[in-house]
2 protein chains.
Amino acid sequence: MSILVVGSVAFDSLKTPFGEREKILGGSATYFSVAASFFTDVRVVAVVGEDFGPDEEAVFLDRQVDISDLERVEGERSFHWKGEYGYDLNVARTLDTQLNVFARFKPRLSEAARQSPLLFLGNIQPDLQMEVCEQVGARLVAADTMNYWIDSTPLELRRMLKGVDILIINDSEARALAEEHNLVRAARAILSMGPARLVVKRGEYGAATFTRESYFATPAYPLEDVFDPTGAGDSFAGGFMGYLAAINSTDEAAVRRAIIYGSVMASFDVEEFGCERMRRLTYDEINARFRELRAITHFEEAEMPPF
Amino acid sequence: MSILVVGSVAFDSLKTPFGEREKILGGSATYFSVAASFFTDVRVVAVVGEDFGPDEEAVFLDRQVDISDLERVEGERSFHWKGEYGYDLNVARTLDTQLNVFARFKPRLSEAARQSPLLFLGNIQPDLQMEVCEQVGARLVAADTMNYWIDSTPLELRRMLKGVDILIINDSEARALAEEHNLVRAARAILSMGPARLVVKRGEYGAATFTRESYFATPAYPLEDVFDPTGAGDSFAGGFMGYLAAINSTDEAAVRRAIIYGSVMASFDVEEFGCERMRRLTYDEINARFRELRAITHFEEAEMPPF
């Protein structure tokens, strides 16, 4: 099954303790679609300015991502985010945000886009996410959001959530959305807002997923070189959704493997700046890391007799 | 095999968002020995004051913990810690510490104590840990420490580490000890200081263990009611060491199951204040939670063919 993703295609200027990059291709839809493209057909809905050129296009086209629904606005510039990470790579400090073309973005979907069976609503304004959702008769809708929308547009976000099957957010976002520190309680609150499944990204600590009846958690793939955490969450979502699309299932066993593929894609993403690592990723590498995650989390049954 | 533990037997005054308790029995050796007593014979080396009475004694004796090496000092009071937790239960704020009898503690071990095959050095002054270590011809030595000793007695700590086989500390302590934010790199640095194995406790995120050749990680048992995190780390260490003692093995498969038993014991500890929950814990409950941790971390193999 093919996936439609709406989100940002942006330029990022990044500084981490290990180096910096000026205006490299980023954005939630970019990271998501590159990761998901290893698993299924992906189509991107987004808007870019005239600074989006052949080099940027190649990132999508090399991965056979369909960008025919990518709107280009002449005379304007693409969304630009400038940020910085300290040694605690879990926390980004935003230095500058220029919405540019995104300020007036009204997603207009092609007929082909409207037919997509799977939809991923990347982290953009909840109203835009809802507009796209209403235009697509998707069988499965997943979404991301962030603290900014949780704080500034809570009502719109709540409306959007009613149409979402799987919410994929991080730890602190789940706690903020539910206004509850304990993650198990936060998950229960979020599952009452609409989504049938919550996926929680925990950065270096891994990921977890909750439904009303089930729970699964995995540690992250252990990395000693995390260069740039930008896009980790979207790469995770891309691997997660891509795998579900590839096997056309959302049963618990499929979702668990999808969480692992998501973790694997995120682990590659952070090894280099931008999409650099993902662009030369191979299936052998993906499958090897999946097996490794299985090996480092496996333990045998035991039973402790009364002593 | 039996375990000897040296550490604190103390009174704690605690405040959490869910309630408070005045002068309840606590201390690293207390939590460790109660948890480990479900798996093997345990003997405690510590010092208490005249405020340690029959009620406190019963916590040990009800669990068949040997307290014949517990030194009692007349006319003095036991170690007292007063602390507070906010909603982020990972961080304790110390309000008051009264060393009392601990200020002049010189561990004097009985002949039986010196014969212990397994030794756990609970979180006390590294010099005291070393003194005990030198008196015991243990086949396996595990130790805990904390940021306070990492900062204030780094040389003593480094000396102590040379005699330790397994170091069991938390996330932030591992980073501080290695002066390295990345946990994989921090682990490698710590493994070069003496211990052949590092066990990292990550609170609500679970636990991980490193040797030079292996890695294993598990998420924590998901709890929606964490009442009092005091003693979680020592209960973990007690379950971990207790299981290794019970099956008399430190091979990788045994250590992995020991990490799970440690996680299980910690998860029970935090459900109520002090040792309250642990005192009425059953083997059925322990084994059920072990099986549950296995069920919520299990996923099947997969192989992604090139798409």
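Start by selecting residues 197-201 and 207-210 of chain B: these are strand 11 and strand 12, which run antiparallel and are joined by four bridges. Click on B:Val200 and look across to strand 12 of chain B, where its bridge partner is B:Ala208. Keep in mind that this is a predicted model.

Which order do its nine strands follow? In chain B they go 5-4-1-8-9-10-11-12-13, forming an open sheet with mixed pairing. Check the edges: strand 5 (70-72) and strand 13 (215-218) of chain B each have a single partner strand, so one side of each is left without a neighbour in the sheet. On average, neighbouring strands here are turned by 15° against each other, direction ignored.

Select residues 232-247 of chain B for helix 9, which lies across several strands, including strand 1 (3-6) and strand 9 (140-143), and runs at about 170° to strand 8 (118-121) of chain B.

Hop over to chain A and find the open sheet of four strands, ordered 3-2-6-7. Its edge strands are strand 3 (19-26) and strand 7 (92-98) of chain A. Strand 2 (10-16) and strand 6 (79-85) of chain A run parallel, joined by six bridges; click A:Ala10 to see A:Phe79 opposite.

Finally, zoom out to both chains.

Note on methods
Residues are numbered from 1 along each chain as its sequence is written. Chains are lettered from A and ligands numbered from 1 in the order in which they are written. This is a predicted model: local features need pLDDT of at least 70, side-chain atom pairs count only at pLDDT 80 or more; totals for chains, interfaces and linings use all residues. Two strands pair if DSSP finds at least two bridges between them. Helices (H or I, at least four residues) and strands (E, at least two) are DSSP runs, numbered from the N terminus. Axes are lines fitted to C-alpha atoms, for helices over the stretch in contact, and angles run from 0 to 180 degrees between N-to-C directions. Two residues are in contact if their C-beta atoms, placed from the backbone, lie within 7 Å.
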